[in-house]
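I'd like to walk you through one model, so please have a look at it while I talk.

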Amino acid sequence: MKEPSILFQPEDDMDFIPIIPLNENEGDNGPEIVIPDELPLLPLRNTVLFPGVVLPITVGRDKSIKAINDAYKADKLVGVVAQKDSNVEDPTVTDLEDIGTVARIIKMIKMPDGGTTVIIQGKKRFKIASITTEDPYFKARIQLLEEDDSPKLEDFEAYVANIKDLATQIIQLSPNIPSDAAIILKNIENPSFLIHFISSNLNTELVEKQKLLEMNNIEARADLLMQLLQRELQFAELKNKVTTKTKTELDKQQREYFLQQQMKSIKEELGGDTNDREIRDMRNKAEAMKWSEAAKEMFKKGIEKLERMHPSTPDYSVVYNHLDLLLDLPWGTFTKDLYDLRKARKILDHDHYGMHKVKERILEYLAVLKLKGDMKSPILCFIGPPGIGKTSLGRSIASAIERKYVRISLGGLHDESEIRGHRKTYIGAMPGRILQSLRKIKSSNPVVILDEIDKVGTDFRGDPSSALLEVLDPEQNHTFYDNYLELEYDLSKVLFIATANDINNIQPALRDRLEIIDLSGYAVEEKIEIAKRHLLPKQKDAHGLKNIPLKVSDKVLEKIIQDYTRESGVRELDRYLASVMRYEAKEYALKEKVKSTVTANDIEKILGKPRFSNEMYKVANMPGVAVGLAWTYVGGDILFVETSLSDGKGELKLTGNLGNVMKESAATALTWLQSNAKKQDIDTTLFEKKTIHVHVPEGATPKDGPSAGVTMMSAICSALTGRRVKPYLAMTGEITLRGQVLPVGGIKEKVLAARRAGLKEIILCWQNEKDIQEIDSTFIKGLKFHYVKTMQQVLDLALV
């Protein structure tokens with residue numbers, strides 16, 4: 001229902017107070033009021049006047065003021081009609097409704113602002129028969145509409161009671177309507193006036209009010225009014241529910257606000273708000289940062305956002321942690337490189353025995369850096385077997401040039417976000433490992449070891465090796481983008497050193513960005529030196545024997561290396577020396593003394609019987625057995641190839657867990673021997689009557705590659721001719737159907753493995769001679785090398 005108001009408002013936006021006459025029936029046309037056939041018309045914009053209802057209205061239009069003045073001077077009667085469209089400023093005849101209410105002007109008041117306010121009371125409904133005059137105001141000939149007789153239906157009283165109840169409920173639910181209005185409703189007894197009074201105050205569309213006015217039948221009017229009241233009641237209930245809920249939420253917010261203000265006051269009494277101090281400290285710290293313009297702008301926006309946020313909001317910690325990273329990263333902070341090449345060489349030589357090629361490369365890098373003053377750091381990659389010191393070499397390089405050192409293990413890494421970081425909007429987001437490492441060591445030019453780069457995994461979470469492409473490209477890494485930081489960071493001054501065991505497992509695009517430096521395994525002599533210089537002192541110290549005179553001779557160390565280890569590196573040797581030191585520590589603890597020298601007999605007592613022996617190579621070979629050399633990612637190894645003939649249909653049988661390439665080498669060797677059977681004095685009928693079975697022992701170990709081609713051909717030829725293979729002889733090389741021997745890789749590893757095994761002669765392709773020349777002559781002392789071009793030369797040398 002409309003809110004009663006004590007203010008008179010203009011017609012354009014009119015609200016009104018219904019004034020109830022003392023006599024409800026005064027609304028009817030009494031004998032003292034004579035309504036003429038022609039009346040001046042007063043158009044109203046926003047309301048409909050009902051019979052019996054009193055309205056105060058403010059008249060603003062010139063036409064309306066003239067009509068009111070003339071009517072007030074005459075009989076004080078005027079015809080009130082509603083406009084069809086309230087937006088029309090100057091209505092014409094077509095803009096007026098046909099049915100209105102005759103109104104009597106009760107009082108006319110001149111307002112101080114020059115406006116005129118009139119109080120009118122509806123008397124009788126009428127219909128416009130015709131418009132007689134349009135100027136200076138509308139005059140119309142009217143036809144009065146009679147009301148139907150009061151209904152005689154018994155249930156009409158229930159209608160009236162229901163209308164009163166609905167109106168009362170609406171008044172109770174509407175806080176802006178005075179509760180006195182409900183008392184007024186209860187005291188209205190005339191049903192027709194009750195309907196008019198409630199219709200006038202109903203908060204509904206003008207069209208619906210006009211429809212109520214036009215209805216002659218009081219029952220129909222009561223029925224429509226009841227429907228409108230039901231709708232208004234539902235709206236009032238919903239509005240009341242929403243208002244109550246909103247008020248509750250506002251009360252809660254106000255309560256929280258007051259509590260926060262109290263907390264703030266308490267914190268100020270205790271010495272200031274913690275968050276304000278944090279933000280102030282951040283600003284002070286930022287003033288000393290050597291930031292780019294992009295970083296400055298990002299920090300400025302972030303700190304402004306942080307100041308506007310309450311610490312309890314979830315995003316506060318996200319923004320705070322991001323700004324904290326910005327402040328913690330070493331923007332433009334570099335350690336000063338040491339360009340003393342002699343000192344650097346001493347440090348490298350002290351920390352690692354051998355590795356001359358790597359050390360020379362590091363010294364070259366330092367020399368360029370010293371002369372130029374600045375250069376993009378190369379991306380070095382150390383490839384070699386486990387346990388040869390690739391990772392520790394990186395630490396030595398950092399020490400030599402006095403840079404900070406950090407190691408990032410990539411083994412088993414399968415999430416790309418570990419490199420690039422997560423977006424900071426994710427829960428638990430953090431920067432990538434690269435930036436985390438720089439943040440930790442506070443330097444933008446450290447030595448970073450990317451350990452086990454060949455063991456990076458790939459799955460549905462992304463490909464970390466692809467993410468490393470940007471990190472490890474000197475042309476791109478000055479603008480490395482981290483998802484968490486959301487800024488470019490310069491990594492061009494970082495010296496990245498990658499380590500790997502197998503180059504074939506590195507993604508080709510990544511391998512192209514690396515400067516590969518091969519680190520081959522150690523010879524026995526090198527291992528003895530490493531044990532004396534590094535391993536023994538370390539293990540003595542670790543077992544509490546540092547100050548106790550205890551010597552291990554070179555012969556004893558050689559025995560441990562040859563009889564108990566088969567490796568390229570020194571990890572296994574280190575473990576055996578640890579076993580020896582543990583035994584000596586136990587002896588010292590029990591007897592309080594130990595022998596000053598560890599002998600070979602002591603070694604067998606401590607470590608048990610030798611695990612490996614070279615005796616197997618000294619036994620006279622039977623026909624069909626040849627010794628080959630193999631390369632594995634853990635170093636070189638010895639490979640036996642056994643061939644046997646049995647009655648059959650000329651088939652070739654291969655066993656020993658061989659790969660496709662190795663099987664093809666055997667098939668190639670057999671085909672060449674069939675083609676050259678007469679030259680080799682081979683009975684050609686053997687190829688038809690015998691099954692040739694080639695087996696490579698240690699069948700549980702997968703074997704593949706072309707380098708066993710010459711070994712398989714020699715073994716098959718030995719079996720077919722009955723000639724034995726020369727003792728203490730090993731061979732390696734790829735074969736072709738034309739009878740040529742091709743070069744293979746891993747020569748140093750294979751040669752060192754042959755020497756460890758006690759072999760004396762090695763057959764190689766002539767193109768591998770350059771690889772032999774790179775090996776220190778002291779490591780291959782006693783070995784004889786045969787360089788061949790054809791498979792015929794191999795057979796001439798190998799078969800006795």
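What follows is a tour of the nonpolar cores, some helix pairs and a few backbone details.

First, the ground rules. This is a predicted model, so local features need pLDDT of at least 70 and side-chain atom pairs count only at pLDDT 80 or more, while totals for chains, interfaces and linings use all residues. Residues are numbered from 1 along each chain as its sequence is written, and side-chain values use heavy atoms, with hydrogens and water left out.

Two more conventions, and then we can look around. Helices (H or I, at least four residues) and strands (E, at least two) are DSSP runs, numbered from the N terminus. Contact means heavy atoms within 4.5 Å.

Let's begin with the cores. A nonpolar core here is a set of buried Ala, Val, Leu, Ile, Met, Phe, Trp, Tyr and Cys residues joined through side-chain atoms within 4.5 Å. Buried means under 20% relative accessible area, exposed means over 50%, and partly exposed is in between, with a 1.4 Å probe and protein chains only.

Which residues have the most contacts inside the largest nonpolar core? They are Trp331, Leu472 and Phe496, in a core of 53 residues. Helix 9, residues 314–328, gives the most to this core, with six residues. A second, separate core has 49 residues, among them Val358, Ile401, Leu536 and Ile603. Back to Phe496 for a moment: leaving aside neighbours within four places in sequence, Phe496 touches Pro378, Ile379, Leu380, Ile434, Val448, Leu450, Val471, Leu472, Asn477 and Leu491.

Now helix 12, residues 390–400. Its buried residues are Lys390, Leu393, Gly394, Ser396, Ile397, Ala398 and Ala400. And what do they pack against? The partners are helix 10 (341–351), helix 11 (356–372), strand 7 (380–383), strand 8 (405–409), strand 9 (447–451) and strand 12 (495–500). Helix 12 is followed by Glu402, whose phi is positive, near 55°.

On to the helix pairs. For the geometry, axes are lines fitted to C-alpha atoms, for helices over the stretch in contact, and angles run from 0 to 180 degrees between N-to-C directions. Angles under 35 degrees count as roughly parallel, over 145 as roughly antiparallel, 65 to 115 as roughly perpendicular and the rest as oblique. For residue classes, Ala, Val, Leu, Ile, Met, Phe, Trp, Tyr, Cys and Pro count as nonpolar, Asp, Glu, Lys and Arg as charged, and the others, Gly among them, as polar.

Helix 17 (residues 524–542) and helix 18 (residues 554–564) pack at about 110°, with axes 10 Å apart. That makes helix 17 roughly perpendicular to helix 18. On the helix 17 side, the contact includes Val524, Lys527 and Leu536, and on the helix 18 side it includes Asp554, Leu557 and Glu558. The contact residues divide into six nonpolar, one polar and four charged.

Helix 19 (residues 571–591) and helix 20 (residues 600–607) pack at about 95°, again with axes 10 Å apart, and they are therefore roughly perpendicular to each other. Helix 19 brings Tyr576, Ser579, Val580, Tyr583 and Glu584, while helix 20 brings Ile603, Lys605, Ile606 and Leu607.

Helix 22 and helix 24 (residues 709–721) pack at about 45°, with axes 9 Å apart, which makes helix 22 oblique to helix 24. Among the residues in that contact are Met662, Trp672 and Leu673 of helix 22, with Met712, Met713 and Cys717 of helix 24. That contact divides into 11 nonpolar, two polar and no charged residues.

Last stop: the backbone. Most residues other than glycine have a negative phi, and most peptide bonds are trans. So where do we find a cis peptide bond? One joins Asp135 and Pro136, with omega about 10°. Pro136 is in the loop between strand 5 (116–133) and strand 6 (139–144).

Lys76 has a positive phi of about 65°. It lies in the loop between helix 1 (62–73) and strand 3 (77–82), and Lys76 is partly exposed, at 27% relative accessible area. Asp681 also has a positive phi, near 60°. Its place is the loop between helix 22 (660–675) and helix 23 (686–689), and Asp681 is exposed, at 69%.

That's my tour, and I'm happy to take questions!
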